[in-house]
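Let's walk through a model together, one feature at a time. Bring your questions as we go.

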Amino acid sequence: MSQFLSIFGFDSAKHSVKVEMLAGLTTFLTMSYILAVNPIILSETGMDKGAVFSATVIAAVVGTLTMAVYAKMPFALASGMGLNAFFAYTLVISMGYTWQQALSAVLLEGLVFIVLTLFKVREAIVNTIPLDLRYSISVGIGLFIAFIGLKNGGVIVSSDATMTALGPWNATSIIAMLGIVLGAVLLAMKVRGALFYTILLMTVIGIPFGVTQMPESFTLISLPSSLEPIALQFDFSRFLMLDIDYIIVVMMLLFMDLFDTIGTLIGASTGAGMTDENDKVPNLNKALMADAVGTTVGALCGTSTVTTYVESTTGIVEGGRTGLTAFTVALLFFVALFFSPLFLMIPSAATTSALFLVGVMMMRPVLNIDFVHFRTGMPCFVTMMMMPFTASISEGIVLGMLSYIIVKVCTGEGKKLSVFMYVLGVLFLLKYIAPYL
């Protein structure tokens, strides 16, 4: 037994099996809402909902197992919130790519991530982007997915007079709002799995009101849905044409994944005292490789970018310190694979709470942004606000970085920018100029 546990970096003299497994259960309950939310978001692109559920689970299992065995760290991985919204609402619905082309971009990003991790150049790329802008990207994504949640729940509707307005009070919007309130209360009470429990309760409440559509023949347990409709369904035509917009999309996916993952790993490890004497995260490169492998496998199966979940911190707070915690999460995800009927009947109104409250959580980095100095505050504000205003995460990032470069150059601080930032600036300008050339 001890030899098996050593695979996960477990030391019986320092760690407890019970604590590690309870930590894994805590992490799973906290992040399991993704099993309900991801199929709903990606199915809006035309992807098969059942197949997306299976792909989401498999990608989470593979990525988290890699983290457990290879990196031996207590972090769990799954299709990232914000990244799935970028995939569905920006790439497919807004920019007009097919979901096959968007899936190809995710695969390319995963492969590039693997190469960058192998050659240990990911820190140089991340350090190229100013810290304040990195914070604003997270905040902007939070605003965007909160808006999507309200829209999906009918709380916010389109309006000819004011563009958006408060929607009518009906069964759908009331359940959506009730879920937000209940989820917020449970989170405030520090209930483990608050978002998961809220989604399930709202789903049950929605049954008598017709919000939750019960299938004619319902079984709680079933064999997993086939991946055939979405697995290996790639279209690299835009990449082979060297489409500048498409190349920028791949870069944006890469940056977003890098920032999410490194931010989570460093933040959680530092807070839990898991860093070494030099304040560095042990096995950071291996943890990044687990993320890259998860994204690549996820794309092959048919789901959006896989990333390290910040919800892993809930398990770390409970005492999880080794890969055994991650292994427990992976095992629970595998079990969930056989409960797809339960997750697939969940309506959009029931997931409004998760989208909105995750958006609230993603607002935290705004406290670290320097709004005192206008040359920093304005580009960050552009980044945050243009994401929900343009319904595009990529437009927010591009416009924010362009404004940052322009302000720095015009105020005599252009020398402080890296060469790579100028390269990005040229590419971003070409994105807007190219259609008129």
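**Reading the buried parts, the surface and the charges**

A: In helix 3, the buried residues are Ile-34, Leu-35, Ala-36, Val-37, Asn-38, Pro-39, Ile-40, Ile-41 and Leu-42. Buried means under 20% relative accessible area, exposed over 50%, and partly exposed in between (1.4 Å probe, protein chains only). Helices are DSSP runs (H or I, at least four residues), numbered from the N terminus. Keep in mind that this is a predicted model: local features need pLDDT of at least 70, side-chain atom pairs count only at pLDDT 80 or more, and totals for chains, interfaces and linings use all residues. Residues are numbered from 1 along each chain as its sequence is written, and side-chain values use heavy atoms, with hydrogens and water left out.

Q: Which residues touch the most other members of the largest nonpolar core?
A: A nonpolar core is a set of buried Ala, Val, Leu, Ile, Met, Phe, Trp, Tyr and Cys residues joined through side-chain atoms within 4.5 Å. Here the largest has 96 residues, and Tyr-33, Met-81, Phe-87 and Phe-333 touch the most other members. Helix 12 (residues 244–271) gives the most to this core, with nine residues. There's also a second, separate core of 20 residues, which includes Ala-59, Phe-75, Ala-292 and Val-306.

Q: What is Phe-87 in contact with, leaving aside its neighbours within four places in sequence?
A: Contact means heavy atoms within 4.5 Å. On that basis, the partners of Phe-87 include Leu-42, Trp-99, Leu-103 and Ser-304.

Q: How many disulfides does the structure hold?
A: A disulfide is a pair of cysteine sulfur atoms within 2.5 Å. The structure holds zero. Cys-380 is in no disulfide, and its nearest cysteine sulfur, that of Cys-410, is 17 Å away. Cys-380 is buried at 0% relative accessible area, while Cys-410 is exposed at 65%.

Q: How many salt bridges are there?
A: A salt bridge is a side-chain nitrogen of Lys or Arg within 4 Å of a carboxyl oxygen of Asp or Glu. That rule gives four. Lys-408 pairs with Glu-413, with the closest N and O atoms 2.7 Å apart, and both residues are buried. Glu-413 also meets Lys-416 (3.7 Å, N to O), and Lys-416 is exposed at 65% relative accessibility. Shared partners join Arg-375, Lys-408, Glu-413 and Lys-416 into one network.

Notes: Helices (H or I, at least four residues) and strands (E, at least two) are DSSP runs, numbered from the N terminus.
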